[in-house]
Amino acid sequence: IIKAPQNPSPAPNHPAIPNPAVPVSVSSDAAIQEAKSAQFPPLPDPAKFAPPRPAGAAPELVERIARDLLRADNPVIIADRLGRSAAAYHALVQLADLLAVPVLDQGNRHNIPTPHPMALTELAPEVLGDADFILGLDVLDLYGALHQVNRLTRQTDPLYRETARIAHVTLDGYSVRSWSHDFRRLQPTDDLIAADTAVFVPQLLNKCQELLNTPDYADGTQR
């Protein structure tokens, strides 16, 4: 039996599980690994070291984003690392079906089925050019997703209209270590919401379904 540390710690569990999660490597001193032991050391109670509950958004923020989606003539969703959560993934697919909203997958996770009719990543310039409301979900580089490099001037040109409202739901602000390396160039937004998309997207889906069943939206009179 390889001897473990005398005081095993559950500390790596905390950065590895809650969002924004980070890779964790656990190692022990070589002497500890090679020493023989007659019995395994006692382990702490894992219930006492449970990770925190996922961070959700205030109900009024969820409703505001839901109303922005429903009022927009051409809403667009940009998804990046949302797919790390099964709950967020399935809620996004249902949201795209419910509102017929295009989804642009940035590819750091698989965020929407490739054959889905609203998976329009290949048409990003055209879709963003018509958008009047853009919702980013866990987008690592939102500025890069909304701009393209001009090959002649080497400057970045926006793909979206100046009048388009932009909202972004992410917890990246809690994990920043070096500004330019973690965030690239900052993207101005109208709503920046610190929430876990695993909680936020199902909430947003439920709120959109709820609003669509109200008289104002059911008869199509409210935008």
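How do the axes of helix 4 and helix 8 cross, and within what distance do they come?

What we have here is a predicted model, in which local features need pLDDT of at least 70 and side-chain atom pairs count only at pLDDT 80 or more, while totals for chains, interfaces and linings use all residues. Residues are numbered from 1 along each chain as its sequence is written, and side-chain values use heavy atoms, with hydrogens and water left out.

The protein chain contains nine helices and seven strands; these are DSSP runs, helices being H or I with at least four residues and strands E with at least two, numbered from the N terminus. Of its 223 residues, 35% are buried, that is, under 20% relative accessible area with a 1.4 Å probe, protein chains only.

Let us return to the opening question. Helix 4, residues 86-99, and helix 8 have axes that come within 8 Å and cross at roughly 25 degrees. Axes here are lines fitted to C-alpha atoms, for helices over the stretch in contact, with angles from 0 to 180 degrees between N-to-C directions. Helix 4 is thus roughly parallel to helix 8, a term for angles under 35 degrees. On the helix 4 side, the residues that meet helix 8 include Ala88, Leu92 and Leu95; their partners in helix 8 include Val201, Leu205 and Gln209. Contact means heavy atoms within 4.5 Å. By class, this contact has 14 nonpolar, three polar and no charged residues. Nonpolar covers Ala, Val, Leu, Ile, Met, Phe, Trp, Tyr, Cys and Pro; charged covers Asp, Glu, Lys and Arg; the others, Gly among them, are polar.

The axes of helix 3, residues 59-71, and helix 8, residues 197-212, come within 9 Å and cross at roughly 60 degrees. Among the residues making the contact are Ile65 and Leu69 of helix 3, and Phe200 and Leu211 of helix 8. Here the classes are 10 nonpolar, one polar and three charged.

Is Lys207 buried or exposed? Lys207 is buried, with a relative accessible area of 15%. Leaving aside neighbours within four places in sequence, Lys207 is in contact with Val62, Glu63 and Ala66.

How values were computed: Buried means under 20% relative accessible area, exposed over 50%, partly exposed in between (1.4 Å probe, protein chains only). Angles under 35 degrees count as roughly parallel, over 145 as roughly antiparallel, 65 to 115 as roughly perpendicular and the rest as oblique.
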